[in-house]
Amino acid sequence: MKPRLRLDVWSPDHAAAEASLAQPLPELQAEPVVADGPWAPKREAAPWTGPLFFVDGRFRTDALIFLDDAPALLVSVAVGAVGLEPGRAFYEEAAFAVRRFLVAPPGAWPEPVFSPAPGLDYELVEAGGEPEALRATAMERRGALEMGLGDGLRARHPGALVLHDGPLHRLPAAATAGRLGFAKTHHRGYLNAEQAALLGELAAGERSPVFTFTRGERRFYSWYLRLPLEPERPYAAAATLLRVETAAPEAEALALAPVSLGVFPRLASRPFRDPRAPQNLVPVGALERELGRRLGSAGLIRRRLLEHIRREAV
C-alpha cells in the first residue's frame, strides 16, 4: 500500500513547520492542567479589549571576518513592535531599535566598538568558539533585546497584552504578566503519543487544553491552536498549528488561552501572500518587512566593510 501523501504548507525555501509533535524530551514531558477540563478540543474564544502588541526581531550576519586567525562575526539586529487597535495597526516607534555587534573571541579586538564607516558601529561582544557558537551568542543578544522591548511596552501601556514571536525562555521571572510567546515551527515534542493524537482532531479555531512543563527551573503553561488556512489543502498535521506559551501563573494562563483563540486565528496569513502561511501572522509579516528596511542595505554595508579593510591594508 502506498503511503498517504501530505504537503508541508510552507515554501521549501523556509524551515518546515513540522518536526515531531509526540516525541518529548524527558525534561519537557507535559502534564495537562486539570482545571482546563477534559483532554478534548476547546473552542471558546474571548476578546481582548486592552492594548495589544506583537514583538519581533530580525537578525542578519553582515560578515564573517578574521582578526588575525580568529574568526569573528559582524551581525545586525533590529527589534520592534506593531500595535493593534480596532480598525488600525500602527508601529510603536519608541519600541524600535537597531544594534550591531562584533562577536569575537576574548582579546581578539582591543576596542569596545568597531567602526568601519561613519554611522556603522559594531559593539564588541566577546565569546569563544567556532562561528556557530558566535552566532548563538549574537542570537542571545537579539532575544534579550526583544524581551527588554516587551518590558518597555508593558511599562508604557499598563494592561497591554504583549505577544512575542518565539518562546519565552529568556523572559525574566519578574516580567511574566501579560506576555504570550508563540512558536510557528515544532522542532521538539511536548506531548506523549496519546496526548498528541488530539492535535490531529483540532479544527480551525480550536485549541488543545492547557498543559504545563518545566524548562530549566521555570514552569511554563502552553497549548496548541489550529489556524484557518485558505484555500484548504491536504497539508501535514502541524501545518496550521501554533504552540502558545506563557510563564504567568496558572490562573492567568487559563484566562489567556481563550483570548488566544480570539486573537490569532483572525490574523492568520494566506499562502498566496506569505510563504510561511498561516503561522506567520499578518502583523508579524509586516513587522518583519519594516525591520528589514531599518537594518539597511546588506550590499552597501559589505561594500563599506571592504573599503575599510582595503584602507587598513595600505
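This is a predicted model: local features need pLDDT of at least 70, side-chain atom pairs count only at pLDDT 80 or more; totals for chains, interfaces and linings use all residues.
**Rings, Burial and a Pocket**

Student: What makes Arg215 a residue that lies over the face of Phe220?

Tutor: Arg215 is 4.6 Å from the ring centre of Phe220 and lies over its face. A charge sits over a ring if NZ of Lys or CZ of Arg is within 6 Å of the ring centre and within 35 degrees of the ring normal.

Student: Why is the aromatic pair of Tyr91 and Phe96 called edge-to-face?

Tutor: The structure holds eleven aromatic pairs. In the pair of Tyr91 and Phe96 the centres are 5.7 Å apart and the planes stand at 85°. Rings of Phe, Tyr and Trp (its six-membered ring) pair if their centres lie within 6.5 Å; planes under 30 degrees apart count as stacked, over 60 as edge-to-face and the rest as tilted. Since 85° is over 60, the pair is edge-to-face. The rings of Tyr190 and Phe213 have centres 4.8 Å apart and planes at 55°, so that pair is tilted.

Student: Which parts does the pair of Tyr190 and Phe213 tie together?

Tutor: Tyr190 lies in the loop between β9 and α2 (193-196) and Phe213 in strand β10 (residues 211-215), so the pair ties together parts that are 23 residues apart in sequence. Strands are DSSP runs of E with at least two residues, and helices are runs of H or I with at least four, numbered from the N terminus. Tyr190 and Phe213 also belong to one aromatic cluster with Phe211, Phe220 and Tyr224.

Student: Why is Phe213 called buried?

Tutor: Buried means under 20% relative accessible area, exposed over 50%, and partly exposed in between (1.4 Å probe, protein chains only). Phe213 has 1%, so it is buried, and Tyr190, at 4%, is buried as well. Tyr91, at 32%, is partly exposed.

Student: Why does Asp68 count as exposed?

Tutor: The relative accessibility of Asp68 is 76%, which is over 50% and therefore counts as exposed. Asp68 lies in the loop between β2 and β3 (70-85). Although Asp68 is not a glycine, its phi is positive, about 60°.

Student: What makes a space a pocket?

Tutor: On a 1 Å grid over the protein atoms alone, a cavity is a set of points where a 1.4 Å probe fits but cannot get out, whereas a pocket is an open set with protein on both sides within 12 Å along at least five of seven lines. Lining residues have an atom within 4 Å of a point. A volume is the space filled by probe spheres set on the points, which are joined across faces, edges and corners. For the largest pocket, this is about 1,200 Å³.

Student: Which residues lie nearest the centre of the largest pocket?

Tutor: They are Met139, Asp165, Gly166, Pro167 and Thr185, among 33 lining residues. Helix α1 gives the most to this lining, with eight residues.

Terms used: Residues are numbered from 1 along each chain as its sequence is written. Side-chain values use heavy atoms; hydrogens and water are left out.
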